[in-house]
Amino acid sequence: MSDILSRIEDNVLIITLNRADKLNSFVRPMAFALQEALDEANYNPEIRAVYLTGEGRAFCAGQDLAEAISKEGPELENIVKEHYNPIIEKLRNLKKPVVCGVNGVAAGAGANIALACDVVFALNKASFIQAFSKIGLIPDSGGTFTLPRLIGFQRASALMMLGDKISADEAQQMGMIYKSVEDLDEALNTAKKLAKMPTKGLWLTKKALNESMTNTLTDQLNLEEKLQTEAGKSFDYNEGVNAFLDKRKPIFKGE
Ligand code: T3D
């Protein structure tokens, strides 16, 4: 059985983490398989959005700790460098929107991979744990960058040091995720909706948001000017404006 399942449905690449008996914790082949799936999403024009979720009762319990301490397993520095850093870079630089459907507990790297997605839904019974401090590690997978920006420095600091479990409802209230939901159909349908939208414009939006994390206001205004010019030359901008003026539904190509 493969560690990652993937299939295309309505132009959405549905990726399911598939080590349910170990709460979808990551081993090396699984990390590489996820990276390959994200590459496929970036380059395959049929794919216009990604939906990431987990099999069974968990989304992902982070690194498989048995592998992490195994003498035959990869070195700790290589786990971060070769597994998680590329996954986060690929998620943030993927030119298609990534919706995450957190179906259960998301711990350690599993939590921070979810938070690196563009739109994060979680089942209301799901939870988030910055589990790293409990085993003497620091939060990785971009957590120290992403979490303080999502929920503020103080709350990020407390959650990362204490390793407290946060419910999906609490995560929504503090702005960590977009929505806590009763049924993840809403999350998959959101990915399908995004797959019909102007893909290029969505990518340029994502790029602007990425850079806003570190830019000055002046840099950001200049970037908006540049990206808006690019968006304005797209097929979908022309189609969107014409459809509006013709009072019809636009048919976007993603270009
Ligand atoms: O070298 C490095 O590690 C660097 C990279 C770091 C990145 C990281 O992600 S570090 C953080 C690693 N993750 C954790 O510390 C979380 C560990 N898991 C838990 O704390 C708990 O499992 C949960 C809170 C997530 C869920 O608790 P619960 O009670 O619902 O389930 P459980 O009984 O603990 O787990 C069910 C099974 O999954 C169990 O296996 P078994 O006994 O039925 O055969 C458990 O051992 C396994 N499992 C859960 N998490 C992991 C895991 N096995 C390996 N690695 C795991 N991370």
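**Close-up views of a predicted model**

**Figure 1. Pairing of strand β4 with strand β6.** Cys60 has Ala106 as its bridge partner in β6. The structure shown here and in the following views is a predicted model. Strand β6 covers residues 105–107 and runs parallel to β4, to which it is joined by two bridges.

**Figure 2. The four-stranded sheet.** The strands follow the order β4-β6-β8-β9 in an open sheet of mixed pairing.

**Figure 3. Cysteines Cys100 and Cys117.** A disulfide requires two cysteine sulfur atoms within 2.5 Å, and by this rule the model contains zero disulfides. Cys100 takes part in no disulfide, its nearest cysteine sulfur being that of Cys117, 4.3 Å away. For Cys117, the closest cysteine sulfur is likewise that of Cys100, and the separation of 4.3 Å is too far for a bond. Cys100 counts as buried because its relative accessibility is 0%. Cys117 also counts as buried, because its relative accessibility is 6%.

**Figure 4. The largest pocket.** This pocket holds about 850 Å³ of space. Its lining comprises 34 residues, and those closest to the pocket centre are Arg92, Ala116, Asp118, Asn210 and Met213. Two or more lining residues are given by each of the elements α3 (76–93), β7 (119–123), α5 (143–151) and α9 (199–212). Helix α9 supplies the largest share of this lining, with seven residues. By residue class, the lining of the largest pocket divides into 18 nonpolar, 10 polar and six charged residues.

**Figure 5. The second largest pocket.** The volume of the second largest pocket is about 430 Å³. Of the 21 residues that line this pocket, Gln63, Leu65, Phe132, Ile135 and Leu137 lie nearest its centre. The elements that contribute two or more residues to the lining are α2 (65–69) and α3. Helix α3 provides the largest share, four residues. The lining of the second largest pocket consists of 14 nonpolar, four polar and three charged residues.

Key: Residues numbered from 1 in each chain as written. Predicted model: local features only at pLDDT ≥ 70, side-chain atom pairs only at ≥ 80, totals over all residues. Heavy atoms only, no water. Buried < 20%, exposed > 50% of the residue type's maximum accessible area, 1.4 Å probe, protein only. Pairing = 2+ DSSP bridges. 1 Å grid on protein atoms, 1.4 Å probe; cavity = no way out; pocket = protein on both sides within 12 Å on 5 of 7 lines; lining within 4 Å. Points joined across faces, edges and corners; volume = space filled by probe spheres on them. Nonpolar A, V, L, I, M, F, W, Y, C, P; charged D, E, K, R; others polar.
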